[in-house]
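Dear colleague,

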Amino acid sequence: MIFLLLLIIVLLIGILIFQWKIKKEQERAIQYIHRKLHVIVNEQTYEKILVTTTNSEIQQLLITLNTLLDQHQKIQATHRKMENSMKKMLAYISHDLKTPLTVVLGYIEMLQLQNGISDEEQQRLLKGVHAKTLEVLKIIHTFFDLAKLEAGDTDYPITKINVSEICRKNVLSFYDLVTSLGLDIKIDIPESSIYALGNEEALNRVLNNLLSNAIAYGADGNVIGITIRNDEVNIDIDVWDCGRGIDEYHIDRVFERMYTLEDSRNKSFQGSGLGLTITKRLVEIMNGSIRLSSIPYERTIFTISLKRMMY
């Protein structure tokens, strides 16, 4: 009987020691998790919390914490990227506005300081002021348009649109400019109407921008073109040129905010670096996609894909 009681006491002591060890292990694990979490959050590191434990509850806690840390780190990375983008945008805004405004100031000072200036010279200076003022307004409107698009503060209702007709209208608006520059224009638009899900105003802006870019940056290829292709699901609109093209390194970046095509194509043309960003946002509003392929001096193609409507 005494032996049995001693055995029971030993077992109970063993259980208590085992439970004490488990409790200590849990306390150490929780203390370590607390310290590590504090370091990760305060120092903005990209670590995860790794603890070796057999406790299922602590394991579940670690899974949840690491999931939250992963989401937090992604948010922080996105925030930093947006912050850097905004800093870059503000720098570009300052530069883009400073240049024409400096010219305007120069024209005004010339008008103020020069006595006996001829009417002809006065008119020339006033025309310069007018042109540069319009340039400033265009820059401001471009930044304002992008801000509205990214904030979702736009009204582009998605309806059935006649892609063939819209493309013809946009090509026609550039025809005189293209011919005056001595460029050939190749048009491959089906005679029958092809309809897509989109917005006419948005598609007009997209095509206007892409055709303008083709003329500005691809004129050295002496030909630009527009092609419509389709299957039962999608309609693809290709706006292309045969100019010097875009280096492979730049292809994935041309739709970024503040990235200017003169970095990769033609330095003689200056822009705000927002045209293709706005173009991409407008295409996405229409639930479409846009992609770029380029082989220098063979063909550079911007392709817009929209959902086809058969009814």
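Predicted model: local features only at pLDDT ≥ 70, side-chain atom pairs only at ≥ 80, totals over all residues.

Helix packing comes first. Two packed helices are described by the angle between their axes and the distance between the axes. Helix H4 (residues 163–180) and helix H5 have axes that come within 10 Å and cross at roughly 30 degrees, and the crossing of H4 and H5 is right-handed. On the H4 side the contact involves residues including Ile166, Val171, Phe174 and Leu177, while H5 contributes, among them, Leu203, Leu207, Leu211 and Ile215. Helix H5 (residues 200–218) also meets helix H7 (residues 275–285), with axes that come within 9 Å and cross at roughly 145 degrees; the crossing of H5 and H7 is left-handed. Among the residues making that contact are Ala202, Val206 and Leu210 of H5, together with Leu276, Ile278 and Leu282 of H7.

Turning to charged pairs, the whole structure holds 9 salt bridges. One of them joins glutamate 200 to lysine 169, with the closest N and O atoms 3.1 Å apart, and this pair links distant parts of the chain, since glutamate 200 belongs to helix H5 and lysine 169 to helix H4, 31 residues apart. Both partners are partly exposed, glutamate 200 with a relative accessible area of 40% and lysine 169 at 41%.

A network of salt bridges links Arg229, Asp236, Asp238 and Arg291. Aspartate 236 counts as buried, because its relative accessibility is 13%, whereas arginine 229 is partly exposed at 36% and arginine 291 is partly exposed at 41%.

Ile2, Leu6, Ile9, Ile13 and Ile17 make a nonpolar surface patch of about 480 Å². Of these, isoleucine 17 sits in helix H1 (residues 2–43) and counts as partly exposed, with 43% relative accessibility. Leucine 90, in helix H2 (residues 56–113), is exposed, its relative accessible area being 53%. The C-alpha atoms of leucine 90 and leucine 11 are separated by 73 Å, the two residues being 79 residues apart along the chain.

Technical notes:
Residues numbered from 1 in each chain as written. Heavy atoms only, no water. Patch = residues over 30% accessible without salt bridge, like charges linked within 9 Å, V, L, I, M, F, W, Y side chains within 5 Å. Areas by Shrake-Rupley, 256 points an atom, 1.4 Å probe, with all protein chains shown as cover. Salt bridge = Lys/Arg side-chain N within 4 Å of Asp/Glu carboxyl O. Helix = DSSP H or I, 4+ residues; strand = E, 2+ residues; numbered from the N terminus. Buried < 20%, exposed > 50% of the residue type's maximum accessible area, 1.4 Å probe, protein only. Axes fitted to C-alpha atoms, helices over the stretch in contact; angles between N-to-C directions. Left-handed = near helix turned anticlockwise from the far one by under 90°. Contact = heavy atoms within 4.5 Å.
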